[in-house]
Amino acid sequence: MRVKLTEKDFLNPLGEVENKKIDLNPLPYDFDQVSLINNTKPGTEIILKVLAESLGNREFLRVKKPAGTPASEREIKKTSSSDLAILALGDCGSCASWLVLDAIRLEKLGIPTISIFSDHFAPFARQLAESHGISDLRILEVEHPIAGLNNDRVEEKALKIVPNLLYILQIP
Amino acid sequence: MTRKDEIIVDKNSCGCPIDNLVDDKPSCKNKKTIINNDRLCDSRKSDMEFFVDPDPEKVSLDFYQNRFTDGLPIIPPTRERVNRFLNYTIHNPEDVLAILPPKMGQATPEKIAINSVMAGCLPSFQTVLEQAIIAVSVDKFNLEGVNATTHPVSICTIINGPLIDEIGMNASVGCLAPSNIANATIGRALRLCLINIAGAIPGVGDHATQGSPAKYSYCFGENEEENPWEPLHVERGFNLHESTVTVMAAESPHNVNDHRSQYAEDLLDTIIHTATTAGCNNSHVPGELLIIMSPEHARTIKQDGWSKKDVQNYIHENSHLSPILADRGGSKLDEKNIRDNQVQITRSPQDVVLVVAGGPGRHTMISHGFGGGSETVTMPITLKNCFNQKSVKNYK
């Protein structure tokens, strides 16, 4: 008698994911008002200051939001009148999560965004944005770490991403 | 489990009825059916097929290599095992109960059951897991932040009500220790759901710098029999005889050893001293603080005439540290949180999540929360029509 032993199948533990797509807002050719959204992480103020200076004479609206939690409706509303929003800084897990998710909230309101992440957390930010259907979320990477550095070192790292910001915005 | 082969006719198998084979009257074209008088058709690949459980060692390694586990061996989630768990759900297996970030995976009863089987749960734990998963998906819990953070936050799961006895949870001596199947595997199953459904894989969707041993399992029942005050679920508006599951984003527990205090204030001062530390999230973003008080400590305080609210007020009012030490976290300390040049680590007395658990001994445990970045969620164990259930037996 020939006996065949067959192992029972086992089931896949992974959760299914719904495919969705959110369109990114195009960047404006010209713009007057820029929201600078600061999640209060160390060094963020300096990074945003360096980036703002590179954009020349424009109106800057400064908004503070919590790092590891969503921006309040008031903070989002305050930002929503701008032509462009720059968000910083995603240099840890929860702050990177909520920088991505708040950027998506603004994109859904029609505000084009550019978000700043440290290069260590940028891959996670891209993955998260993709999970939410917006794989092309605009992300600029600054060299990790930022926290724990003195102001000069942060400024030095921020200056390195200025050419990338100007390139994205097509500013010569 | 065994079963006779079903007859499958292809070019290599004849499908001859057994009666024909036994009578040496094969109907297949091979005509070469009898070998060594065993009277079985030789064109069959097998005469008998045994379906056996997958080798746990092999499946564990396979799942581990696919990053489906916490590193410990798992029970292979076969259809039979998963179905036993689904007997306890009130939902359809494919209903989406929650969407879990960061991967935005759909948590269905079946996926929860698969991960619970893997964790070594008993089928009767299914409803607890489902409610825990729904609880962590509530907005105010902030699973987006809790899963992704560099902070070593785990999810503490506290069970209240008759369910504690019905599923055999440990609420007494060693309730946080490795031993009890419910305490060990409910917490583990929740973590496996976060890994496999939410995508909270260390270094991928979970960025905790070191992580925490509490991420393996941090689950216990409240010792309601020895609690001199109202238990957590009653404090939160549920009936004593209803069962609930509470989830809290919490650090690993830290011991408070006090064998000598005879009065409430002295004992609470020891707890406060342990809790009031720089470097926890509560220091720069005040939020919830979990106190797992031993029955003996609770009795000492109660005998001094203190209510649960008195305890919560005292801990809230006296747990503070200097702004210089407080303002060293990731988020900048909000100046609104500075009062009389001190920063309180809780926002209100309600932030002091006080439960009584454990056995004899004069040790209390404290766990800092995720600061103000997450709020505890308490969910009743309910049926679809929203009736609170008093017994897990209602699900059978």
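For the 172 residues of chain A, a compact globule would have a radius of gyration near 16 Å, but chain A has 20 Å. The structure in question is a predicted model. The C-alpha trace of chain A spans about 90 × 35 × 30 Å along its principal axes. Of the 172 residues in chain A, 40% are buried. Among the contacts in chain A with a separation of 6 or more, 79% are between residues 24 or more positions apart.

Chain A contains five helices and seven strands. Read from the N terminus, its elements follow the order β-β-β-α-β-α-β-α-β-α-β-α. Five of these strands form an open sheet with parallel pairing, in the order β4-β3-β5-β6-β7. At the edges of this sheet are β4 (59-64) and β7 (139-142) of chain A, and each of them pairs on one side only. With direction ignored, neighbouring strands of the sheet are turned against each other by 20 degrees on average.

Strand β3 (residues 33-38) of chain A and strand β5 (residues 84-90) of chain A are parallel and are joined over five bridges. Here A:Val34 has A:Leu84 in β5(A) as its bridge partner. Helices pack on the sheet as well. Helix α3 (residues 93-108) of chain A touches β5 and β6 (113-118) of chain A, and its direction makes about 175 degrees with that of β6(A). Helix α5 (residues 151-168) of chain A also packs on the sheet, touching β6 and β7 of chain A, and its direction makes about 160 degrees with that of β7(A).

The next part to look at is the contact between the two chains. It takes 35 residues from chain A and 44 residues from chain B. On the side of chain B that touches chain A, at least two residues each come from β2 (48-52), α3 (79-86), β4 (105-107), α4 (109-119), α6 (143-148) and α8 (181-198) of chain B. The largest share of that side, five residues, is supplied by β2(B). By type, the residues on this side of chain B are 20 nonpolar, 14 polar and ten charged. Strand pairing also crosses from one chain to the other: strand β1 (residues 3-7) of chain A pairs with β2(B) in the parallel sense over five bridges. In this pairing, A:Val3 has B:Met48 in β2(B) as its bridge partner.

Chain B is divided into three parts: domain 1 (1-52), domain 2 (55-249 + 374-396) and domain 3 (252-368). Between the C-alpha centres of domain 2 and domain 3 of chain B there are 26 Å. The contact between these two domains takes 26 residues from domain 2 of chain B and 20 residues from domain 3 of chain B. On the side of domain 2 that touches domain 3, β5 and α9 (232-235) of chain B each supply at least two residues. The most is given by β5(B), with three residues. This side of domain 2 of chain B is made up of 13 nonpolar, eight polar and five charged residues.

Chain B also has an open sheet of four strands, in the order β6-β5-β7-β15, and its pairing is mixed. The strands β6 (219-221) and β15 (377-380) of chain B stand at the edges with a single partner strand each, so one side of each has no neighbour in the sheet. From one strand to the next, the twist averages 20 degrees. Strand β7 (residues 244-250) of chain B pairs with β15(B) in the antiparallel sense over four bridges. In this pairing, B:Thr244 stands opposite B:Pro380 in β15(B). Helix α5 (residues 126-136) of chain B lies across β5 (154-160), β7 and β15 of chain B, and runs at about 45 degrees to β7(B).

A single residue can close the tour. B:Arg339 lies in strand β11 (residues 338-339) of chain B.

Technical notes
Residues are numbered from 1 along each chain as its sequence is written. Chains are lettered from A and ligands numbered from 1 in the order in which they are written. This is a predicted model: local features need pLDDT of at least 70, side-chain atom pairs count only at pLDDT 80 or more; totals for chains, interfaces and linings use all residues. Two residues are in contact if their C-beta atoms, placed from the backbone, lie within 7 Å. Ala, Val, Leu, Ile, Met, Phe, Trp, Tyr, Cys and Pro count as nonpolar, Asp, Glu, Lys and Arg as charged, and the others, Gly among them, as polar. Two strands pair if DSSP finds at least two bridges between them. Axes are lines fitted to C-alpha atoms, for helices over the stretch in contact, and angles run from 0 to 180 degrees between N-to-C directions. The radius of gyration is taken over C-alpha atoms; the globule rule is 2.2 Å times the number of residues to the power 0.38. A residue is buried if 20 or more other C-beta atoms lie within 10 Å of its own, exposed if 12 or fewer, and partly exposed in between; C-beta atoms are placed from the backbone. Domain bounds come from an automatic or database domain assignment.
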